Amino acid sequence: MDGLDRVPFNVVPNPAPTPAAERAKLVAAPGFGRVFTDHMVTIRYAEGKGWHDARVEARRPLTLDPATAVLHYAQEIFEGLKAYRTPSGGAAMFRPDANARRFRQSAERLAMAPLPEGLFVESLRRLVEADREWIPAVDVGTLYLRPFMIADDVFLGVKPSATYLYMVIASPVGAYFKNGADGVTVWVAQQDTRAARGGTGAAKCGGNYAASLQAQAEAVRNGCDQVVFLDAIERRKIEELGGMNVCFVFADGSLQTPPLDGTILPGITRDSILRLARDSGMTVREEAYTLDQWKADAASGRLTEVFACGTAAVITPIGRIRSPEGEFIAGAAGPAGGPVTQRLRKQLVDIQTGRSADPYGWVHSVC
Ligand code: PLP
Ligand code: COI
């Protein structure tokens, strides 16, 4: 930790926490993103003063002036990662240092004050410790952590804010897709693209998600679970889904995924899977793949499995691709995926939950 990281935390436990019986009920069937814990973290930044006033306190609503900068120009970034119940009853987080790095990179892209990476990880550790009783049992789910930062200057001029509010909230979660194991159906975005070179595609900022919602709504209208975006220039290359990266598995045992060229989010799940695949002897290519090629390879049997990967989705088979031209089965192994998807998912989840050894130093024990 450098000196900047040492901001003392003031911890004030929630004086009226959720009663244990109610909490147990909520945590037993949490759904995704609707149940929240008793505490939150806040840390403030001001130009000339730096990061200060770090707190863990009762979760409560924010009061914002109507002229608060984020409400107008969307200077906002966030992260998403999970804490797991370990076999010994403790808690561990998966690669929080990688989220810390991406959060800093997102802050730089949005001209926001970068939070020291050590302070980011410490803030998560503090919240998981305070809300450890909210972590679901390992066969039910995980505690989803949502760090985020907003520009909270009260000023209508278009310029980087002079003050920021960083926060972390937590939400016990189950599976993101209800029937994910059977394979999800994705809709090819028709008009909208997600990001272009030089844009904010590689940053995790709220604006990217706001801009994805029209296409996601189009996907749902067409009976699909998620939207898949194509590149902004040729409209041929696969980019990523609304909230996940995508990987292709071939009959020759190789794995391919779109490259990190600035237009997709550099997923931490993606990075972990590429590592696991390479270490298991698979050939891994980070290369563009077109929708036409996808359709041809699925039909010929050259492409066997396709899956979505991300913190929320973990590894979910992609079953079918739909567009106004029709539908095709994503890979020759069938809509529910196949053995490579299953093996990689198990390998990843076993490391995350402490069921198998972690040779990579990815798992950070909390308590
Ligand atoms: N792509 C997008 C657009 C996402 O929202 C996410 C989820 O965070 C991912 C990819 C996967 O990233 P990660 O594996 O770090 O969760
Ligand atoms: C995540 O996986 O953490 C995301 O941010 C994506 C969203 C689908 C919840």
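Visitor: Why is Cys367 called partly exposed?

Guide: In this predicted model, Cys367 has a relative accessibility of 28%, and because partly exposed covers the range between under 20% for buried and over 50% for exposed, Cys367 counts as partly exposed.

Visitor: What makes Cys205 buried?

Guide: The relative accessible area of Cys205 is 4%, and since buried means under 20%, Cys205 is buried.

Visitor: How do you know that Cys205 is too far from the closest cysteine sulfur for a bond?

Guide: The closest cysteine sulfur belongs to Cys309 and lies 20 Å from the sulfur of Cys205, whereas a disulfide needs the two sulfur atoms within 2.5 Å, so the distance is too far for a bond. By this rule, the count of disulfides comes to 0.

Visitor: Why is the pair of Tyr45 and Trp51 called tilted?

Guide: Their ring centres are 5.1 Å apart, which is within the 6.5 Å that a pair requires, and their planes stand at 55 degrees; because planes under 30 degrees apart would be stacked and those over 60 edge-to-face, the pair is tilted. Both Tyr45 and Trp51 are buried, and a search of the whole structure finds 15 aromatic pairs. Elsewhere, one aromatic cluster is formed by Phe248, Phe250, Tyr289, Trp294 and Phe328.

Visitor: What makes Arg285 a residue that lies over the face of Phe250?

Guide: Arg285 is at 5.2 Å from the ring centre of Phe250, and the distance part of the criterion asks for CZ of Arg within 6 Å; Arg285 is accordingly listed as lying over that face.

Visitor: Which residues have the most contacts inside the largest nonpolar core?

Guide: They are Trp51, Leu145, Met149 and Tyr166, in a core of 42 residues. Elements that give two or more residues to this core include strand S2 (39-46), strand S3 (50-58), helix H4 (117-130) and strand S8 (163-173), and H4 supplies the largest share, 6 residues. A second, separate core has 24 residues, among them Ile238, Val246, Ala308 and Ala313. In soluble globular proteins, nonpolar side chains tend to be buried together.

Visitor: Which residues does Tyr166 touch, apart from those up to four places away in sequence?

Guide: The residues that Tyr166 touches include Val41, Ile43, Trp51, Phe103, Phe120, Pro147 and Met149.

Visitor: How do you know whether Lys25 and Thr257 are buried or exposed?

Guide: Lys25, placed in helix H1 (residues 20-28), has 68% relative accessibility and therefore counts as exposed, since the cut-off is over 50%. Thr257, placed in strand S13 (residues 255-257), has a relative accessible area of 1% and is buried, because that value is under 20%. Leaving aside neighbours within four places in sequence, Thr257 is in contact with Val246, Cys247, Arg270, Leu274, Arg285, Glu286 and Glu287.

Terms used. Residues numbered from 1 in each chain as written. Chains lettered and ligands numbered in written order. Predicted model: local features only at pLDDT ≥ 70, side-chain atom pairs only at ≥ 80, totals over all residues. Heavy atoms only, no water. Core = buried A, V, L, I, M, F, W, Y, C linked by side-chain atoms within 4.5 Å. Buried < 20%, exposed > 50% of the residue type's maximum accessible area, 1.4 Å probe, protein only. Helix = DSSP H or I, 4+ residues; strand = E, 2+ residues; numbered from the N terminus. Contact = heavy atoms within 4.5 Å. Phe/Tyr/Trp six-rings, centres within 6.5 Å; stacked < 30°, edge-to-face > 60°. Lys NZ or Arg CZ within 6 Å of the ring centre and 35° of its normal.
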